[in-house]
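Hello,

Here is the structure I promised to pass on to you. Please have a look at it first, and then read my notes below.

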There are 2 protein chains.
Amino acid sequence: MSIRTRLAIVASAAVLLISGTATAADKVYRLKLAETWGPNFPIFGDSTKNMAAMANKMSNGRLKITVDSSNKHKSPLGIFDMVKAGQYDMGHSASYYWKGKDINTLFFTTMPFGMTTPEQYAWFYHGGGMELMKEAYDKHGILSFPGGNTGNQMGGWFRKEINTVEDLKGLKMRIPGFAGEIMAKLGASPTNIPSGELYTSLERNTIDALEWVGPSLDLRMGFHKIAPYYYTGWHEPATELQFMINQKKWNKLPEDLQEILRVAMRTAAYDMYIQSYHESAVNWETMLTDFPNIKVKTFPKPVMDAMRAANDELIIERAKSSPLAQKIVDSQAAYLKKARVWTNISDRAYLDSLDN
Amino acid sequence: MSIRTRLAIVASAAVLLISGTATAADKVYRLKLAETWGPNFPIFGDSTKNMAAMANKMSNGRLKITVDSSNKHKSPLGIFDMVKAGQYDMGHSASYYWKGKDINTLFFTTMPFGMTTPEQYAWFYHGGGMELMKEAYDKHGILSFPGGNTGNQMGGWFRKEINTVEDLKGLKMRIPGFAGEIMAKLGASPTNIPSGELYTSLERNTIDALEWVGPSLDLRMGFHKIAPYYYTGWHEPATELQFMINQKKWNKLPEDLQEILRVAMRTAAYDMYIQSYHESAVNWETMLTDFPNIKVKTFPKPVMDAMRAANDELIIERAKSSPLAQKIVDSQAAYLKKARVWTNISDRAYLDSLDN
C-alpha cells in the first residue's frame, strides 16, 4: 500500500466518521401539514405559521414543516381523512368538523352554553380533557392537540332580526358542530360550509344566515353588507382549533423533536387566543365607527331559553351515542360547574364591581 | 516525514475535526436561576420547573437550568439585584417588587382596577407591552418576560370585617405594588413580606391583614385560622410573574437555544395561568365545604369608591415619575379601554346571559 493510499483511507474514514455524526445530530425531518383555511388566512393561518416557525428555529432547521392551504389540497373539510391515511403528516382544523365520522370528536372544539376559554384550557390540561381526546383519536391513529382559541364567538350574521323562535323555522344557516343540531331542533336548516365559500353562499341565497367567528375575522369577509344583524354569542364560548398528527409519523421523530413539536403547538394555540383577543378588541372598535349600519343584537330571552332547552335535551341524547361520549359529557359538565363558580367570584365579580 | 508521522497527522486532524463538530452541536450551556419562592413552592415554583424541563428536553440536554429557591440564596426580594450583577443568570419573581429601585418596573405585574389576564397578555404581545418592558429593563442589562399569571387575585385576609374606610386607618397590611400605595393613601400601613414569613407575621401581629394570591395558594398557608374575612379582588386582576435573564448571558447563547428559552418561558407563563385557574376552582370548591368559617366578603361600595378615587389620583402622580412611566400608563389606559369593550360584549355578556 502506498503512502497516498494509506493517507486516503485514513482521510475517508475521518470523513465517514464526521458525516456519521452529522447524520445523527442534524438529520432533517420534514412534515407536511394541511390546513382547512385558505392561503394567508389571518389568525387561524398565523397559528400554523407561528408553530412551524418556532419548531424550525428551536430545532435549528432539523424540523421542517410545510403548510398546504386549501387552494393546494382542495379538501378543506377532509383534513381528518388525509392525516388518518398518512397523505399528510399533520393537519390544522377543528375537531367538531368530524362529528359525522366519529361522534366522539364532537366535544373538543367548544360546546353551546359550555366552558369559557380559560375554563376549557384548564379542563384540557388539568381536568382530564387531553386524556379523553386521546381516547377519541387513538383508534384513528391520530394524535390531537389544541390548535388555537378564538375566544367567545359572536352568534352570527342574519338578514332579518330574530324576534321569536318562529323566526328560526326554515332558516338556512351555516353553523357547524353541536350548535347546528340545536338550530335543527328549533326548525332551522343548519349546514357547514368552508370559509372560502361563505360570502358567495350568502350572496346567492344558499344560506340566509351564518356564524363565522367574531369581529377578529368577520368584518373583512363583508357579511355585514348582506346580513347586518350581528348577534352576541351563546353557541361557541371557547372555540379551540386542532392540530393533528399521524401517530406513526410522530413515533418516528426523536424525543427532542417530539418535545419541540409539542411545545410549539401548545404555544401557538395559546398565542392564537391572545391574538384573537387583540384583533377582536381592535376590530370591534373600528366596527362601531366604520360600519354604523351593523345592528348588534342579543337573542331575546324566549329564543335563548328555547336554545338552552334544546341543548339540554340534545346533550343527553348525544351522550348516549357511545360510552366515551357519555364520559366526555359528564367530565365537561362536572368541570364547568366547578370552574364557573370560580369565574363568577373572580373575573366576573371584578368586572361587575367596576360598574359601581 | 515518515509514513507513521504523516498518518498520525491526518488522524489527529480527523479527531480534531470530529471533536470540533461535537463541541459546536453538543456544547452544554448551564444557567443558574434564583426564584423568590421557597423550595417546592406550588404553582409559582412549578412554573420554573416546567420551564427548565421543557428547555432541557427540547435542547436534548444542551440547555441546563438549575433553580435555587429562597432557602438557598437567602434573598427572596433580591432577585433583581442578583440577576443585574450576574450573580445569577436568571430570576423568577414579580416586577412590581422592584418599584423602589426603579419606578418604571412597577407596571408590568398587574395594576389595581386594571386589565384582566387575557387583556393584559394581549397588551404585552400585541399592544406594545413587551416593547415598553424592554425599555424599562434595558438600562439594567436585564431581559424581562412574562413568568406566569395567577389570574384575578382575592382581596386578602382580614381579622376584622371592613365596613367603612375608617376601618382601614392604621391597618398594618402586607400588600405590595401600587395597591400598597392606595392603601397608604387611605391611612393603612402597607408592607411587603416574602411568602415564607407571612403566617408568622400575621400570628405575631406584625401585620393585621394580608393579601397573598387566592384559593389556589392561600388555603394551604392557613391564614384563615387567624384572619377569617376573605375579600374578593380589586387590586390585582391579572398578576403576572416575571422571568429575568442577564442580557450578557443571553447574548452568549446560540440562536436555537435563545428560541428554546424564549418559547419555554412563554409556554410556562401561559401554563401557570391555566394551572392557577384549575387550582383556584378546585380549592374554592373544597374551601366552601371544608372551611365553613371563612367569611367571603366584598368591600362595601364606599370603600371601593375610595380605593378607586385614590387609585385614579395616584396613577396620575406616579406617571409623572418619568417620561417612560407616563408612556406606560397611557399605553395601558388606552389598551384597557379598547379591550374592555370586547370583554364586556363577549365573555361577560355570555356569562350574564346564562343567568336568565
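Let me start with Ala238(A), which is buried, with a relative accessible area of 0%; buried means under 20% relative accessible area, exposed over 50% and partly exposed in between, with a 1.4 Å probe and protein chains only. This is a predicted model, in which local features need pLDDT of at least 70 and side-chain atom pairs count only at pLDDT 80 or more, while totals for chains, interfaces and linings use all residues. Residues are numbered from 1 along each chain as its sequence is written, chains are lettered from A and ligands numbered from 1 in the order in which they are written, and side-chain values use heavy atoms, with hydrogens and water left out.

You will find Ala238(A) in the loop between strand 9 (229–231) and strand 10 (240–246) of chain A. Helices (H or I, at least four residues) and strands (E, at least two) are DSSP runs, numbered from the N terminus. Leaving aside residues up to four places away in sequence, Ala238(A) touches Thr109(A), Thr110(A), Met115(A), Thr116(A), Thr117(A), Gln120(A), Asn149(A) and Gly151(A); contact means heavy atoms within 4.5 Å.

Asn311(A), in helix 12 (residues 301–319) of chain A, is buried too, with a relative accessible area of 7%. Its contacts, again not counting residues up to four places away in sequence, are Pro112(A), Phe113(A), Phe178(A) and Ile182(A).

Next, the helix packing. Helix 6 (residues 129–138) and helix 13 (residues 323–353) of chain A pack at about 160 degrees, their axes 11 Å apart. Axes are lines fitted to C-alpha atoms, for helices over the stretch in contact, and angles run from 0 to 180 degrees between N-to-C directions. On the helix 6 side the contact is made by Leu132(A), Glu135(A) and Ala136(A), and on the helix 13 side by Leu324(A), Lys327(A), Ile328(A) and Ser331(A).

Helix 5 of chain A also packs on helix 13 of chain A, at about 130 degrees with the axes 10 Å apart, and this pair is therefore oblique. Among the residues in this contact are Trp123(A) of helix 5 and Tyr335(A) of helix 13.

Rings of Phe, Tyr and Trp (its six-membered ring) pair if their centres lie within 6.5 Å; planes under 30 degrees apart count as stacked, over 60 as edge-to-face and the rest as tilted. Tyr121(A) and Tyr270(A) form a tilted pair, 5.1 Å centre to centre with 50 degrees between the planes. Both Tyr121(A) and Tyr270(A) are buried. They belong to one aromatic cluster that also includes Tyr125(A), Tyr121(B) and Tyr277(B).

Best wishes

Conventions. Angles under 35 degrees count as roughly parallel, over 145 as roughly antiparallel, 65 to 115 as roughly perpendicular and the rest as oblique.
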